[in-house]
Amino acid sequence: MIIIKSEREIELMRQAGKVVAEVFEAVKPMITPGVTTKELAHKAEEVIRSFGAYPTFKNYNGFPGAICTSVNDVLVHGIPSSQKLKEGDIVSLDVGATLNGYNGDACRTYLVGKVSKEAEELVQVTEECFFEALKFAKPGNHLGDLSHAIQVHAENHGFSVPRDYTGHGIGRGLHEDPVIPNYGETGRGVILKEGMCLAIEPIIHQGRRETRLMNDGWTAKTIDGKLASHYENTIVITSTGYEILTMLSNKED
Ligand code: MG
């Protein structure tokens, strides 16, 4: 069941989303060779708590970190560790913040120092996939229109789309209906309505689309060891289109 949010709830979602956006502002300058993913997670948690919010992913189904830190061939759910980032790595930070019972969820993939052209293109195209989907984010359109836009943009650049991780509705629950695949067909699926809150999150692979889960039960890697990139924002469908809840409107992200 898809929960339509009231104006009051959307305002609370906005506040939770702002906390997530502030985390990226604070952590981005730290992303240099030598920093550990644990240090990034520690800073993220500090920022989240400074707003009186809770790091949503911490202990979520037992997840051990405050945020997810996924390096290179890890597509999602990397656990913060003493692993030091190296020049040429890419790292995605997936951040959730819960404030007054409502959740914000977003992800960015950052380049560590100078990276290969191929890696940079993957990260760039993944971000573009999100904005391609947004072109269809308005009442009356189908969810499949967004999914399709993501898939087509990724595949047109020679990249692939894993099938086993998706976006989702969001609100009081971190994962609410609907499921939002990063692949699909136009004119299919749920019809968008004002007040729906959605976490749209393209996850794109450089090589094959298959994934494998590590023994820790969380870390998901590309099956061929090639790079993966991830970009996400929480949005709300408005009467005329959408509003992004996890970006600071006055700052570069
Ligand atoms: Mg999400």
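Where does Asn 61 lie? Asn 61 sits in the loop between β1 and β2. Helices here are DSSP runs of H or I with at least four residues, strands are runs of E with at least two, and both are numbered from the N terminus. This is a predicted model: local features need pLDDT of at least 70, side-chain atom pairs count only at pLDDT 80 or more, and totals for chains, interfaces and linings use all residues. Residues are numbered from 1 along each chain as its sequence is written, and side-chain values use heavy atoms, with hydrogens and water left out.

Stay with the backbone of Asn 61. Its phi is positive, about 50°, although Asn 61 is not a glycine. Asn 61 counts as exposed because its relative accessibility is 66%. The cut-offs are these: buried is under 20% relative accessible area, exposed is over 50%, and partly exposed is in between, with a 1.4 Å probe and protein chains only. His 77 also has a positive phi, about 65°, and is not a glycine. His 77 is in the loop between β3 (74-76) and β4. At 25% relative accessibility, His 77 is partly exposed. Another backbone feature is a cis peptide bond between Asp 177 and Pro 178, with omega about 0°. Pro 178 belongs to strand β7 (residues 176-180).

Now take the helix α2. Its 14 residues should span 20 Å at 1.5 Å a residue, and its end C-alpha atoms are 20 Å apart, which agrees. The expected span is 1.5 Å times one less than the number of residues. Thr 37, Leu 40, Ala 41, Ala 44, Glu 45, Val 47 and Ile 48 are buried in α2. They lie on the same side of α2, because they cover an arc of only 165° around the axis. That arc is taken from the directions from the helix axis to the C-beta atoms. Lys 38, His 42 and Ser 50 are exposed on the other side of α2. What do the buried residues of α2 pack against? Their partners are α1, β1 (54-55), β2 (68-71) and β4 (90-99). Contact means heavy atoms within 4.5 Å. After α2 comes Gly 52, with a positive phi near 75°.

Ile 31 lies in the loop between α1 (7-27) and α2 (37-50). Ile 31 has a relative accessible area of 8%, so it is buried. Leaving out residues up to four places away in sequence, Ile 31 touches Leu 40, Leu 85, Val 91, Leu 93, Tyr 110, Leu 111 and Val 112. Leu 40 is among the buried residues of α2. Val 76 is 45 residues from Ile 31 along the chain, and their C-alpha atoms are 18 Å apart.

Val 74 lies in β3 and counts as buried at 9% relative accessibility. Beyond four places in sequence, Val 74 contacts Thr 219, Ala 220, Lys 221 and Ala 228.

Next, the metal site. Which residues are the protein donors of the magnesium ion? They are Asp 105 (OD), His 168 (NE2), Glu 201 (OE) and Glu 232 (OE), at 2.2 to 2.3 Å from the ion. Asp 105, in strand β5 (residues 102-111), and Glu 201, in the loop between β8 (197-200) and β9 (203-205), link distant parts of the chain, 96 residues apart. Both Asp 105 and Glu 201 are buried. The donor spacing in sequence is D-x62-H-x32-E-x30-E. Donors are N, O and S atoms within 2.8 Å of the metal (3.2 Å for Na, K and Ca); water is not among the atoms, so sites may look incomplete.

The structure holds 4 aromatic pairs. The ring centres of Phe 63 and Trp 218 are 5.0 Å apart and the planes stand at 85°, so this pair is edge-to-face. Phe 63 is in the loop between β1 and β2, and Trp 218 is in the loop between β10 (211-213) and β11 (220-222), 155 residues apart. Both Phe 63 and Trp 218 are buried. Phe 130 and Phe 131 also pair edge-to-face, 4.9 Å centre to centre with 90° between the planes. Rings of Phe, Tyr and Trp (its six-membered ring) pair if their centres lie within 6.5 Å; planes under 30 degrees apart are stacked, over 60 edge-to-face, and the rest tilted. Phe 130 is buried at 0% relative accessible area, whereas Phe 131 is partly exposed at 31%. Ring pairs join Phe 130, Phe 131 and Tyr 231 into a cluster.
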